[in-house]
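Opening the notebook on this one. I want to look up how the parts sit together, then go through a few spots one by one.

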Amino acid sequence: MCTMTPGLEEIAKEELLDRLKDPDISEISRGKMYFRGNHNLEELCKLSCVDNIYIVVSRLYIGSGKKDLGELDEKVKKLDFSVAEQLLGIKEKPKIIVSASKKGKHSYSRFDLSNHVTELLVKTKKFEAGDIRDHNFPIRLDLNQNECVFSVQLTKSDFRFRGSNYEYMPGGIRPTIASALIRISKPDKADVFYDPFCGAGTIPRERSYMQSRRILASDINPAAVACAKHNLPEHIKVFQCDARDLKVKDRSIDVIVSNIPWGKQIEVENITDLYTDFFREAGRVLKDKGRIVILTDREEIVECAETTGFSISKETTISLHGILAGIYFIQKAV
Ligand SMILES: C[S@@+](CC[C@H](N)C(=O)[O-])C[C@H]1O[C@@H](n2cnc3c(N)ncnc32)[C@H](O)[C@@H]1O
């Protein structure tokens, strides 16, 4: 099973089919995808649009009453975690933490469930109880009505952040979302790529993992420019610049991908003016078949793009901490 930002399921599916050999996708639900396949951890960790990857150990029936938790005992004792142990390279007694989520009516809480399963597994003497700081075997329980999926997380907690040596700026997005934006932009190895609202540089950094002719990144805020310079490899050109007056030659860019300000974490005097002025500049710097992918929750974007000579379509809506934002694909109108 892999998890992703809700709204990115189809993009993640496309990536899975592209990168893994014969994945057999069996189920897609909000923010989750189940698939079968014979893949090792290294292959799985090449997936860049997903947040975490798990191996499903079992799906068990659990009743809704507190006493039903007691009936789990025999089933849980028989669960076979050996493939997960192998994939994680664990040779000694695994140190577990168990987290649970649940949907539906039950007379026990998700904490009752996770504590019960922890106690059962420790009683088998095959596992040791760990804690949030000290564990090597994170078990996840997803209880939906009366079916509980038992899985083990294969990816480390910093997997979706691409490690820990990265500085963030306000309004920053997760690398996995940046990667999905790039996939939507249909990247090509001959592209000159540009993010004119780069913030900490998350989007250009994801683009740098693929071939391109050139990558440019700019921001109006000097602190963001300094942060992006720290985060990005040297071959990416990072500079300070107002996206309403780009210091870039006419018709020199193939693709722009940006998480532009939404007027929330990054204050903007007038969103419509900013978007309109930016699109006018984008029309100047983009080649004729150039394309733009934008993430924003502001619907004004549609009118701003259309009045400046672009056609625009919403590819998907994603849910970010409860806020719904659109991902738009934009091209010069013909
Ligand atoms: C939503 S943030 C981008 C965050 C970035 N994608 C990241 O992950 O760190 C928007 C950025 O636009 C920049 N910005 C605001 N107005 C701008 C303008 N007129 N020209 C260029 N950048 C601008 C802000 O400084 C901010 O860094």
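**Domains.** For the classes, Ala, Val, Leu, Ile, Met, Phe, Trp, Tyr, Cys and Pro count as nonpolar, Asp, Glu, Lys and Arg as charged, and the others, Gly among them, as polar. Domain 1 runs over 2–159 and domain 2 over 162–332; such bounds come from an automatic or database domain assignment. Their C-alpha centres are 35 Å apart.

**Ground rules.** I note that this is a predicted model, where local features need pLDDT of at least 70 and side-chain atom pairs count only at pLDDT 80 or more, while totals for chains, interfaces and linings use all residues. Numbering goes from 1 along each chain as its sequence is written.

**Whole chain.** I find 10 helices and 15 strands, taken as DSSP runs numbered from the N terminus (helices H or I, at least four residues; strands E, at least two). The C-alpha atoms fill a box of roughly 70 × 40 × 40 Å along the principal axes. Of the 334 residues, 38% count as buried. Buried takes 20 or more other C-beta atoms within 10 Å of the residue's own, exposed 12 or fewer, partly exposed in between, with C-beta atoms placed from the backbone. Of the contacts between residues at least 6 apart in sequence, 68% join residues at least 24 apart.

**Ligand.** I looked at the 21 residues around the ligand, and G171, G172, G199, T202 and A243 come nearest (near: C-beta atom, placed from the backbone, within 6 Å). The shell splits into 12 nonpolar, 6 polar and 3 charged residues.

**P175.** This proline is in helix α6 (residues 175–184). Buried or exposed, I wondered about P175? It is buried, because 22 other C-beta atoms lie within 10 Å. Beyond its neighbours within four places in sequence, P175 is in contact with R160, F161, R162, T202 and E206. I also checked P175 against Q331: they are 156 residues apart along the chain, and their C-alpha atoms are separated by 24 Å.

**Helix α5.** Residues 110–123 make 14 residues, reaching 20 Å from first C-alpha to last, close to the 20 Å expected at 1.5 Å a residue (expected span: 1.5 Å times one less than the number of residues). L113, S114, H116, V117 and L121 are buried here. Down the axis of α5 these fall within an arc of 160°, so they line one face (the arc is that of the directions from the helix axis to the C-beta atoms). F111 and K123 are exposed on the other side. The cover over the buried residues of α5 includes α3 (72–77), β5 (95–103) and β7 (137–144). K125 follows α5 with a positive phi, near 70°.

**Helix α9.** The 15 residues 271–285 should span 21 Å, and the end C-alpha atoms are 21 Å apart, which agrees. I have L274, Y275, F278, F279, A282 and V285 as buried. In α9 the buried residues fall within an arc of 125°, so they line one face. A reminder to myself: an α-helix has 3.6 residues a turn, so residues three or four places apart point the same way. What covers the buried side chains' residues in α9 includes β12 (253–259), β13 (286–296), α10 (300–307) and β14 (310–320).

Notes
Contact = placed C-beta atoms within 7 Å.
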